[in-house]
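Please consult the sequence and the model while working through each solution.

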Amino acid sequence: MATTDGTGTTRGAATRARILAATAGLLSAGAAGVAAGASTARHAVTVSEIARAAGVYPNQITHHYGSKDRLVLDAAFALFLRDTTRLQAAGRRAGSADAFRQVLARTALAMPSTLLVVRALAAAGDDDAQRERVRLLLAVLFRQSERYLERVVAEHGWTSPSGVGRDARTFWSAVFGATLLADAGVTGGPSDLDLAGTVSIR
């Protein structure tokens, strides 16, 4: 007999996972197009494309996720949180606090999933459920980042005058803002910002 996990049967959980993985794959392909400068880089994935990639019916997507925007948000964050583990590994290899800050800034802006998350956040609009989901996902990001910074500071004997919690929130807010401006075609952009300076670790 199938067990339940709060979201339905085990089969339902497997279907949710397959839909999420398929969406993440489509988003990754789109992000690769952005990196390559493809003219179709702004093509948004459709419910039909996701359904085909996941091997499900379109109505199963709305059944499991409620809306395409919610699904895209979850998939973008899944890719983003995966990429932050690579960012953390790069940061651990830094030999000084200054190098550490520079690596964080450079890597965060280079991650294709950063743009995916920014676009998903922008699509939240006035939907209360979507806004609550954004708050939850950002809380996860900030908490994981704070714990990471705490470990790095302790391992190297560095200090964080502003506090690692504020460092984490300020850093990611600056990264998202810089990415949003660059995506909007604003001149100046990330290269003109001192993102490394948003982290107070010394």
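**Exercise 1.** Which residues of the largest nonpolar core touch the most other members?

*Solution.* The model is a predicted one, in which local features need pLDDT of at least 70 and side-chain atom pairs count only at pLDDT 80 or more, while totals for chains, interfaces and linings use all residues. Residues are numbered from 1 along each chain as its sequence is written, and side-chain values use heavy atoms, with hydrogens and water left out.

Step 1. A nonpolar core is a set of buried Ala, Val, Leu, Ile, Met, Phe, Trp, Tyr and Cys residues joined through side-chain atoms within 4.5 Å. Buried means under 20% relative accessible area, exposed means over 50%, and partly exposed lies in between (1.4 Å probe, protein chains only).

Step 2. The largest nonpolar core holds 53 residues, and F100, W172 and F176 are the ones that touch the most other members.

Step 3. Two or more residues of this core come from each of α1, α2, α3 (58-65), α4, α5 (97-110), α6 (112-122), α7 and α8 (164-183). In soluble globular proteins, nonpolar side chains tend to be buried together.

Step 4. Contact means heavy atoms within 4.5 Å. Not counting residues up to four places away in sequence, F176 touches F80, T114, V117, V118, L121, L138 and L141.

**Exercise 2.** Describe the make-up of the protein chain as a whole.

*Solution.* Step 1. Helices (H or I, at least four residues) and strands (E, at least two) are DSSP runs, numbered from the N terminus. The protein chain has eight helices and zero strands.

Step 1. Of the 202 residues in the protein chain, 40% are buried.

Step 2. Among the contacts with a separation of 6 or more, 74% are between residues 24 or more positions apart.

**Exercise 3.** At what angle do the axes of α4 and α7 cross?

*Solution.* Step 1. Two packed helices are described by the angle between their axes and the distance between the axes. Axes are lines fitted to C-alpha atoms, for helices over the stretch in contact, and angles run from 0 to 180 degrees between N-to-C directions.

Step 1. The axes of α4 (residues 68-92) and α7 (residues 128-156) cross at roughly 5° and come within 11 Å.

Step 2. Angles under 35 degrees count as roughly parallel, over 145 as roughly antiparallel, 65 to 115 as roughly perpendicular and the rest as oblique. The two helices α4 and α7 are therefore roughly parallel to each other.

Step 3. Residues making the contact include D69, L73 and F77 of α4, together with Q130, L137 and L141 of α7. The residues of this contact divide into 11 nonpolar, six polar and six charged. Here Ala, Val, Leu, Ile, Met, Phe, Trp, Tyr, Cys and Pro count as nonpolar, Asp, Glu, Lys and Arg as charged, and the others, Gly among them, as polar.

**Exercise 4.** Is Q130 buried or exposed?

*Solution.* Step 1. Q130 lies in helix α7.

Step 1. The relative accessible area of Q130 is 5%, so Q130 is buried.

Step 2. Leaving aside neighbours within four places in sequence, Q130 is in contact with D69, R70, L73 and A124.

Step 3. D69, found in helix α4, is partly exposed, with a relative accessible area of 37%.

**Exercise 5.** Which residues of α2 are buried?

*Solution.* Step 1. In helix α2 (residues 47-54), the buried residues are I50, A51 and A54.

Step 1. These residues cover an arc of only 100° around the axis, which puts them on the same side of α2. The arc is that of the directions from the helix axis to the C-beta atoms.

Step 2. Just after α2, G55 takes a positive phi of about 70°.
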